[in-house]
Amino acid sequence: IREKLAEQIEKLIPTSGPIQRTRTTGPHVVALIGPTGVGKTTTIAKIAANLKLRDKKRVGLITIDTYRIAAIDQLRRYAEIIGSPLRVVATPDDIADAIAAMQDFDYILIDTAGRSPNDAIKLGELRSFIDRAKPDEVHLVLASTCGERSMELAIERFGDVRIDRVIFTKVDEASELGVVLNVARKLNKSLSYITTGQDVPDDIELSQGRALARRIIGGGKS
């Protein structure tokens with residue numbers, strides 16, 4: 001019965017597969033956006049490490065999170081470990097210059113500062129950066145531990161910036177994952193990754209409908 005239920009839930013969860021280049025020339029640019037405290041910096045480090053170390057791709061990193069020095073230091077340390085350059089930018093014009101300086105890379109990953117869904121001014125600033133960067137993909141990062149109303153608010157407000165796909169973090173900490181199904185249905189965007197811990201680069205998985213369905217039925221456990 002559980003397996004039949006998982007089969008039906010799987011049909012309700014759109015998944016997109018991994019980040020993949022769609023360009024024949026120039027870097028494939030990916031930005032991660034989302035509320036504060038959802039784990040964007042750690043997630044981008046995991047994606048970068050997998051692309052660089054496992055897929056042997058040339059990866060450049062950009063951060064616009066100039067509000068948290070610790071976040072810059074954290075990402076810089078990860079960048080040094082995997083041997084990728086990191087550019088810290090403060091203005092939309094700076095981000096365009098940073099991308100232009102990395103045209104020989106396969107991928108450019110952009111880390112952004114967490115924004116409160118209630119802060120219209122900061123969301124407007126974020127939109128200016130995204131508009132200037134013109135990324136190929138924008139992933140909204142949401143924590144599985146957040147309540148459904150908080151997620152709905154984030155979807156509504158960050159939708160004004162841009163959302164192409166969704167990443168759910170802290171799946172290992174969630175007591176239940178039904179909210180993932182509700183959000184996936186409401187947002188109508190594919191899920192790309194889930195994260196299941198703090199270890200870089202290991203604790204990240206492709207979003208797979210059947211595995212997520214089993215976690216939902218099992219109260220968060222796979």
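1. Let's start with Arg-149, which forms a salt bridge with Glu-152; the closest N and O atoms are 3.6 Å apart. Both residues sit in helix H6, and because they are 3 residues apart there, about one helical turn separates them. Arg-149 has a relative accessible area of 53%, so it is exposed. Keep in mind as you look around that this is a predicted model.

2. Glu-148 forms a salt bridge with Lys-186, with 4.0 Å between the closest N and O atoms. This pair links distant parts of the chain, as Glu-148 belongs to helix H6 (residues 148-158) and Lys-186 to helix H7 (residues 178-187), 38 residues apart. How accessible are the two partners? Lys-186 counts as exposed, at 52% relative accessibility, while Glu-148 is partly exposed, with a relative accessible area of 29%.

3. Now go to the start of the chain. In helix H1 (residues 2-10), Lys-4 and Glu-7 are 3 residues apart, which means about one helical turn lies between them. They form a salt bridge, and its closest N and O atoms are 3.9 Å apart. Lys-4 is exposed, its relative accessible area being 58%. Glu-7, at 27% relative accessibility, is partly exposed.

4. How many salt bridges does the structure hold? The count is 19, and the pairs above, Arg-149 with Glu-152, Lys-186 with Glu-148 and Lys-4 with Glu-7, are among them.

5. On to the sheet. It is open, has 8 strands and mixed pairing, and runs in the order E3-E2-E4-E1-E5-E6-E7-E8. Which strands are at the edges? Strand E3 (86-88) and strand E8 (204-206) are, each pairing on one side only. On average, neighbouring strands of this sheet are turned by 25° against each other, direction ignored.

6. For a closer look at one pairing, take strand E6 (residues 165-169) and strand E7 (residues 190-195): they pair in the parallel sense over 4 bridges.

How values were computed
Residues are numbered from 1 along each chain as its sequence is written. This is a predicted model: local features need pLDDT of at least 70, side-chain atom pairs count only at pLDDT 80 or more; totals for chains, interfaces and linings use all residues. Side-chain values use heavy atoms; hydrogens and water are left out. A salt bridge is a side-chain nitrogen of Lys or Arg within 4 Å of a carboxyl oxygen of Asp or Glu. Helices (H or I, at least four residues) and strands (E, at least two) are DSSP runs, numbered from the N terminus. Buried means under 20% relative accessible area, exposed over 50%, partly exposed in between (1.4 Å probe, protein chains only). Two strands pair if DSSP finds at least two bridges between them. Axes are lines fitted to C-alpha atoms, for helices over the stretch in contact, and angles run from 0 to 180 degrees between N-to-C directions.
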